[in-house]
Amino acid sequence: MTKLLIENLSKSFGESQVLNQLSLHVKEAEFVSILGPSGSGKSTLFQLIGGLYSPDSGEIRLDGKRINGKTGSISYTPQSPSLLPWRTVLGNILLGGELVGETDEAAALDMINKAGLKGYENAYPYELSGGMKQRVAFIRSLLSPQSLICLDEPFSALDEFTRLEMQNWLLSVWEEDKRAILLVTHNIEEALYLSDRIIVLSEKPTQVKKEFIVPFPRPRQAALLLSEEFLHWKKKIYNELRVIM
Amino acid sequence: MKIWYKGWRPALVLILLFIIWEVSCRLFEIPKWLLPSPTQILLEGAAGWPNYYRHLTSTIGLAIIGFLIGSSVGIAVAIGLHLIPKLREALYPIIILSQNIPIIVLAPLLVIWFGFGILPKLIVITLVCFFPITVAALDGFRQTSSELMHYMKMAGALKKQIFWKLEWPYALPSIFSGLKISATYSVMGAVISEWLGAKEGIGVYMTLASSSFRTDRVFVAIFLIMVLSLVFFALIVSLERMIVKWKPKGDGKGRD
Ligand SMILES: Nc1ncnc2c1ncn2[C@@H]1O[C@H](COP(=O)(O)OP(=O)(O)O)[C@@H](O)[C@H]1O
Ligand SMILES: [Mg+2]
């Protein structure tokens, strides 16, 4: 049942300790958001899960297997879209699978259509708007063969309209094929609207400060954003964060 | 189309220069062996075609072979140095240092060691060609965006995949800058190598012309070298346009 299990993870860069005995888990088909002040080590956490660095101490387990310092175990969308400029939309989307030797062009084209990018299959990234690039990066993640998806502030560079549209699109895709998602954000509304569970991090050296289970039923509707209950939860989490910042 | 539109100012300057040159030659009655006028050079250029065309083809052949060898060596050296950092630390300064040896000084040595055949000539051209490419390619590899590098690593790319799918395409525009410089150098390199001793080539034609005071032919040779360099440059530019298609066109300049 547990997809990702992180136990007592610590990491320092030189003198400064970033993560201090951090523990968390993500269950199968669960959408978990991590909320934390900027500089608290959220991207560092993802880079540890992704195997870019090894932790100083602690365990990272995916499906029970230890993946400390092992790359290629998660599907990752970085803070910026990070598309390869010399590849077309289709080429970029196929990249994740290509690296492990399994590409599915039909699935990619299908996803491109669903994401409203029909006709852009052969466009280069420079020809796309910010929102479209982000969408391509999402599809690349979703079509990568790994079972855990890690999204690092994927909506932060988008304007308000595009953001809501993209959030709804992500939810609709995810409802169809529920994989475990770990999302980093510093937007409370976004965390509430999207996730099943919210993990609030402390300041550096970072630990898990508090956890909230989000009670809203799925599929979520945009109307939820204006409801009394949503506002109540927003306040609750805001107060928790205010103590930190 | 655009190049004509943009190029009218330098063209105007050139035409003015030629007019002043022509008029001065006639006005001061400068002897032809000292400084021929543009029309005299032009006439010799047209009339002397049967004289120099086999020199021209010989130089073109030499420059192309030299350029192909030089740029392959340059790219291979760059890849080697990039993939083995210890090698780069050890060799990069020496490669830079080697560029301080003038090729003119090296050339006689090469003749002593390798004789008058094609080998020392190709070595000369390779030596002038490989450096700009090696430096440009190494820079390109090193400038690979760390963001994309992180993504590739986290996605599980192997070292080989990172090189061919990320670093190589990322460095291509830089490599083409190097190739453009080397392509023009290769013509110079070919002419210099022909001065070492050859049966034919623009270098030979030039030596013969100057020793018999046919200054008009020396100028014809100079123009041939310039035109050849320009053509080589243009060929690389069009190759780049064909291969590097992912850059926004027009780059925002080109207003006039
Ligand atoms: N490669 C690194 N070397 C040194 N310090 C780093 C490195 N990566 C991150 N840090 C430091 O770790 C802290 C957390 O950074 P980051 O994980 O990017 O935070 P967040 O994503 O939560 O904003 C910052 O203080 C940053 O300066
Ligand atoms: Mg971050």
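Predicted model: local features only at pLDDT ≥ 70, side-chain atom pairs only at ≥ 80, totals over all residues.
## Residues are numbered from 1 along each chain as its sequence is written, chains are lettered from A and ligands numbered from 1 in the order in which they are written, and side-chain values use heavy atoms, with hydrogens and water left out.

**View 1. Chain B as a whole holds eleven helices and zero strands.** Helices (H or I, at least four residues) and strands (E, at least two) are DSSP runs, numbered from the N terminus. Reading along the sequence gives the pattern α-α-α-α-α-α-α-α-α-α-α for chain B. Along the principal axes, the C-alpha atoms of chain B fill a box of roughly 75 × 55 × 30 Å. Among contacts in chain B (heavy atoms within 4.5 Å) with a separation of 6 or more, 73% join residues 24 or more positions apart.

**View 2. Helix 2 (residues 8–27) and helix 3 (residues 38–47) of chain B have axes that come within 8 Å and cross at roughly 100°.** That makes helix 2 of chain B roughly perpendicular to helix 3 of chain B; angles of 65 to 115 degrees count as roughly perpendicular, under 35 as roughly parallel, over 145 as roughly antiparallel and the rest as oblique. Look for B:Phe18, B:Trp21, B:Glu22 and B:Arg26 on helix 2 of chain B, in contact with B:Pro38, B:Thr39 and B:Ile41 on helix 3 of chain B. The residues of this contact divide into four nonpolar, one polar and two charged. Here Ala, Val, Leu, Ile, Met, Phe, Trp, Tyr, Cys and Pro count as nonpolar, Asp, Glu, Lys and Arg as charged, and the others, Gly among them, as polar.

**View 3. UniProt, in an unreviewed entry, lists residues 56–236 of chain B as "domain: ABC transmembrane type-1".** Those residues are 87% helix and 0% strand, and their end C-alpha atoms are 20 Å apart. The unreviewed UniProt entry also lists "transmembrane region" spans in chain B, including residues 91–116 and 122–141. Residues 91–116 of chain B are 77% helix and 0% strand, with end C-alpha atoms 30 Å apart. Residues 122–141 of chain B are 100% helix and 0% strand, with end C-alpha atoms 27 Å apart.

**View 4. B:Ile162 sits in helix 9 (residues 159–195) of chain B.** B:Ile162 is buried, at a relative accessible area of 9%. Not counting residues up to four places away in sequence, B:Ile162 touches B:Met149, B:Met152, B:Lys153, B:Ala157 and B:Glu167. B:Met152 is ten residues from B:Ile162 in sequence and 6.7 Å away in space, C-alpha to C-alpha.

**View 5. The largest nonpolar core has 89 residues.** A nonpolar core is a set of buried Ala, Val, Leu, Ile, Met, Phe, Trp, Tyr and Cys residues joined through side-chain atoms within 4.5 Å. A:Leu4 and B:Met152 are among the residues that touch the most other members of this core. Helix 9 of chain B gives the core its largest share, twelve residues.

How values were computed: Axes fitted to C-alpha atoms, helices over the stretch in contact; angles between N-to-C directions. UniProt positions renumbered as here; feature names shortened; annotations may be inferred. Buried < 20%, exposed > 50% of the residue type's maximum accessible area, 1.4 Å probe, protein only.
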